[in-house]
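The sequence and structure come first, and the text follows.

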Amino acid sequence: GKQAPDNTDGVSVLPTILGKSQDFSDRFMYWEHHTRDFSQAVRWGNWKAIRLAKDAPLELYDLSNDVGEENNVADANPQIVEKIENYLKTARTESVNWPV
């Protein structure tokens, strides 16, 4: 029931958890992991991009046709990869607690 602070770029997923519809198709959803090695992922519409290590290339999956993420289509979609790479340049803030 609390209002989100004005200085956040996050979005509440509570409506989705409660079974209500939410449209996230126009925004990037970003996450990263620091277990073993650094990895990151982005969901944007039907696209999901994954980087499994700091300097690894992006893998790209079209979730509308490949829910199991079995076919990396990055080579066939360079414009999508470029758009996501550009987003990733701004997606995180360096932190001494979570170094890359």
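A residue is called buried under 20% relative accessible area, exposed over 50%, and partly exposed in between, computed with a 1.4 Å probe on protein chains only. The model is a predicted one, in which local features need pLDDT of at least 70 and side-chain atom pairs count only at pLDDT 80 or more, while totals for chains, interfaces and linings use all residues. Residues are numbered from 1 along each chain as its sequence is written, and side-chain values use heavy atoms, with hydrogens and water left out.

**Salt bridges**

Side chains of opposite charge can pair when their charged atoms come close. A salt bridge here is a side-chain nitrogen of Lys or Arg within 4 Å of a carboxyl oxygen of Asp or Glu. By this rule there are three salt bridges. Helices (H or I, at least four residues) and strands (E, at least two) are DSSP runs numbered from the N terminus.

| Salt bridge | N to O distance |
|---|---|
| Arg92 and Glu32 | 2.9 Å |
| Glu69 and Lys48 | 2.9 Å |
| Glu85 and Arg51 | 2.5 Å |

Arg92 and Glu32 form a salt bridge. This pair links distant parts of the chain, 60 residues apart: Arg92 is in the segment after helix H2 (78-88), and Glu32 is in strand E1 (residues 28-33). Arg92 is buried, at 18% relative accessible area, whereas Glu32 is partly exposed, at 21%.

Glu69 meets Lys48 in a salt bridge. Glu69 lies in the loop between strand E4 (59-62) and H2, and Lys48 lies in strand E3 (residues 47-51), so their contact ties together parts that are 21 residues apart in sequence. Lys48 counts as buried, with 16% relative accessibility, while Glu69 is partly exposed, with a relative accessible area of 26%.

Glu85 and Arg51 also make a salt bridge through their side chains. Because Glu85 belongs to helix H2 and Arg51 to strand E3, the pair ties together parts 34 residues apart in sequence. Arg51 is buried at 8% relative accessibility, and Glu85 is partly exposed at 25% relative accessible area.

**Strands E1 and E2**

Two strands pair if DSSP finds at least two bridges between them. E1, the strand that holds Glu32, pairs with strand E2 (residues 39-44) in the antiparallel sense over six bridges. Phe28 has Trp44 in E2 as its bridge partner. The hairpin of E1 and E2 has five residues between the strands, and Arg36 in this hairpin takes a positive phi near 60°.
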